[in-house]
There are 2 protein chains.
Amino acid sequence: MKKYLGRSIKYLNDKTLIKAAEYSTKGGKYMRPLITVIAARSVGGRLKDALNAAASLELLHNTSLIHDDIMDGSSMRRGRLSLHRKWGKNVAITVGDANYALAFYNLSRNKNPNAMRVVQELSKYTMRICAGQLMDLRSSKNGSMRNYKKTILLKTAKGFEVATKIGAIIGGGDKAHVRMLAEYGKNLGMAFQIKDDILDIAGSEKKVGKSLMNDIREGKKTLPLIYALKKSGRKKELKRLLKQETIGEKEAREIIDIVRGCGAVEYAYRAAEKYVQKAVDSIGNLPGSVEKQLLVRLAGYAVSRGK
Amino acid sequence: MKKYLGRSIKYLNDKTLIKAAEYSTKGGKYMRPLITVIAARSVGGRLKDALNAAASLELLHNTSLIHDDIMDGSSMRRGRLSLHRKWGKNVAITVGDANYALAFYNLSRNKNPNAMRVVQELSKYTMRICAGQLMDLRSSKNGSMRNYKKTILLKTAKGFEVATKIGAIIGGGDKAHVRMLAEYGKNLGMAFQIKDDILDIAGSEKKVGKSLMNDIREGKKTLPLIYALKKSGRKKELKRLLKQETIGEKEAREIIDIVRGCGAVEYAYRAAEKYVQKAVDSIGNLPGSVEKQLLVRLAGYAVSRGK
């Protein structure tokens with residue numbers, strides 16, 4: 001995947017663009033392109049076509065991260081300086097735009113008759129992401145469970161859904177296959193995001209490779225936190241701690257104690273497991289194959305992973 | 001065209017996105033989409049397909065203006081507040097991104113077998129624009145005639161070239177048609193930009209609808225100015241005037257006197273006329289049609305227009 005992506009990026013045909021685009025691809029987990037490829041193979045698609053669609057998805061994903069970081073003023077991304085911090089805002093806007101174009105250019109070179117349907121899915125998905133971005137900019141998050149599900153659906157699960165969906169499409173799957181694999185992707189994404197939330201409060205810093213409670217410090221309403229605010233009986237205390245200008249070591253430990261102490265982590269695990277089960281169930285009728293087995297194991301891994 | 005574009009924009013499916021995208025389409029001259037449609041018709045293409053490709057080009061063009069205005073910090077665009085001034089930077093970045101996606105989504109709905117080739121041309125063109133943008137950000141303009149031609153080729157002529165090229169492609173033109181119409185578009189764009197430069201110093205404020213010397217005030221090296229710096233014999237005086245913090249009425253009149261007095265406007269007209277001739281020559285072998293006649297007249301209009 002990395003090799004294929006690296007080759008695509010060369011089409012940008014400008015030193016700075018190429019360097020910055022390469023920078024932006026580094027450090028990702030490549031989860032989305034990975035499931036695109038497996039989904040395509042699970043319905044008998046060709047590897048080359050699958051890699052092509054997967055690379056385009058990853059390029060679009062990278063752009064949305066680059067532009068998001070500008071909008072949020074984030075300095076760090078995947079453990080390194082964000083692009084706009086390293087090269088300046090103007091280069092970052094431009095590299096994002098070039099990546100968008102490259103994603104579609106890349107697909108236009110794919111001779112597979114279903115490539116245009118992938119153009120359609122990816123462009124539709126991008127428009128939705130943009131609409132979601134504006135919702136984000138407009139509304140403050142209200143911290144309800146319903147709002148949480150809606151947010152992670154838009155932010156993560158829809159990305160996983162489109163990943164498996166375009167895999168199924170470019171792989172030549174029929175309508176039922178496309179529907180099953182899209183459903184699988186969506187539920188996998190939900191589980192994946194909840195596990196991310198769990199790692200943020202209950203992970204091992206060493207394994208995760210970054211300090212805990214990053215999301216909570218940024219004011220994100222993660223699932224364990226939402227649960228703790230509702231069920232721990234220590235809502236006031238928790239709210240006071242979260243409101244601190246900077247959350248130091250001491251406050252962090254107190255928050256962790258409250259959240260872990262009330263069973264919020266276990267609750268979140270149960271929620272994630274439900275989505276894993278849904279994901280596995282949705283591909284129940286997919287013909288048996290090595291790839292199908294891989295998808296089943298991947299769903300388990302989404303929750304069992306240590307980072 | 002406006003109607004078609006308006007319908008496309010509805011696919012953005014978010015109130016703010018739609019409002020802002022509509023705002024960004026207003027006040028344009030629609031030159032590019034117009035020549036896309038005429039080019040498509042000149043090779044026998046269907047109007048519906050042509051409008052579809054033309055709308056995508058205009059959407060991409062609008063995005064590059066929106067993002068450019070953010071990068072340059074421009075407050076005004078087409079006589080109105082620029083998008084980022086009206087809605088803020090974050091909304092402007094997002095609307096630009098959504099417009100990009102919409103341009104390709106729009107094409108993906110076109111059943112014409114050549115639609116994917118249009119995806120390819122437009123995405124390639126967008127990558128080039130991005131590369132050009134970075135060149136802009138990196139290098140200060142050196143004011144040579146060669147640099148001038150290179151700059152307007154990238155900034156304007158390539159946009160006109162891709163406009164007629166995609167028209168020819170979606171219209172089902174053969175290789176020779178595509179080449180001829182692309183060549184026509186490029187030369188039309190060169191003439192068009194030089195005429196814009198001329199209007200900036202020698203237009204009628206009333207007709208142009210904006211104050212003169214906007215480009216020169218912004219430090220742009222327009223063709224008449226480059227000529228005057230070389231040939232007027234008053235280089236020092238001109239340079240001093242251009243360096244003023246703000247160029248007032250008095251300085252503006254002096255600059256106009258120097259530039260107009262040395263024959264720079266006539267020189268620029270001759271240069272523009274050469275491109276008009278080249279444009280007309282390049283479609284010499286195109287089969288006769290109403291649209292071919294229109295293209296010939298349009299080339300003349302590029303230089304004769306008063307605004």
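Good morning. In this predicted model, the contact between the two chains takes 34 residues from chain B and 34 residues from chain A. On the chain B side, helices H2 (15-25), H4 (47-72), H6 (89-108) and H7 (115-138) each supply at least two of the residues that touch chain A. The most comes from H7(B), with 13 residues. By class, the residues on this side of chain B divide into 21 nonpolar, 10 polar and 3 charged.

I turn now to helix H16 of chain B, residues 290-304. Which residues of H16(B) are buried? They are B:Glu291, B:Leu295, B:Ala299 and B:Ala302. Viewed down the helix axis, the buried residues fall within an arc of 100°, so they line one face of H16(B). That buried set packs against helices H3 (31-42), H9 (175-202) and H15 (264-282) of chain B. On the other side of H16(B), B:Val290, B:Gln293, B:Arg297 and B:Ser304 are exposed.

Finally, let us consider a helix pair in chain A. Helix H9 (residues 175-202) and helix H16 (residues 290-304) of chain A pack with their axes 8 Å apart, at an angle of about 25°. Because angles under 35 degrees count as roughly parallel, H9(A) is described as roughly parallel to H16(A). From H9(A), the residues A:Tyr184, A:Leu188, A:Ala191, A:Phe192 and A:Lys195 meet A:Leu295, A:Ala299, A:Ala302 and A:Val303 of H16(A). This contact of H9(A) with H16(A) has 8 nonpolar, no polar and 1 charged residues. Thank you.

Note on methods:
Residues are numbered from 1 along each chain as its sequence is written. Chains are lettered from A and ligands numbered from 1 in the order in which they are written. This is a predicted model: local features need pLDDT of at least 70, side-chain atom pairs count only at pLDDT 80 or more; totals for chains, interfaces and linings use all residues. Axes are lines fitted to C-alpha atoms, for helices over the stretch in contact, and angles run from 0 to 180 degrees between N-to-C directions. Helices (H or I, at least four residues) and strands (E, at least two) are DSSP runs, numbered from the N terminus. Angles under 35 degrees count as roughly parallel, over 145 as roughly antiparallel, 65 to 115 as roughly perpendicular and the rest as oblique. Two residues are in contact if their C-beta atoms, placed from the backbone, lie within 7 Å. Ala, Val, Leu, Ile, Met, Phe, Trp, Tyr, Cys and Pro count as nonpolar, Asp, Glu, Lys and Arg as charged, and the others, Gly among them, as polar. A residue is buried if 20 or more other C-beta atoms lie within 10 Å of its own, exposed if 12 or fewer, and partly exposed in between; C-beta atoms are placed from the backbone. The arc is that of the directions from the helix axis to the C-beta atoms.
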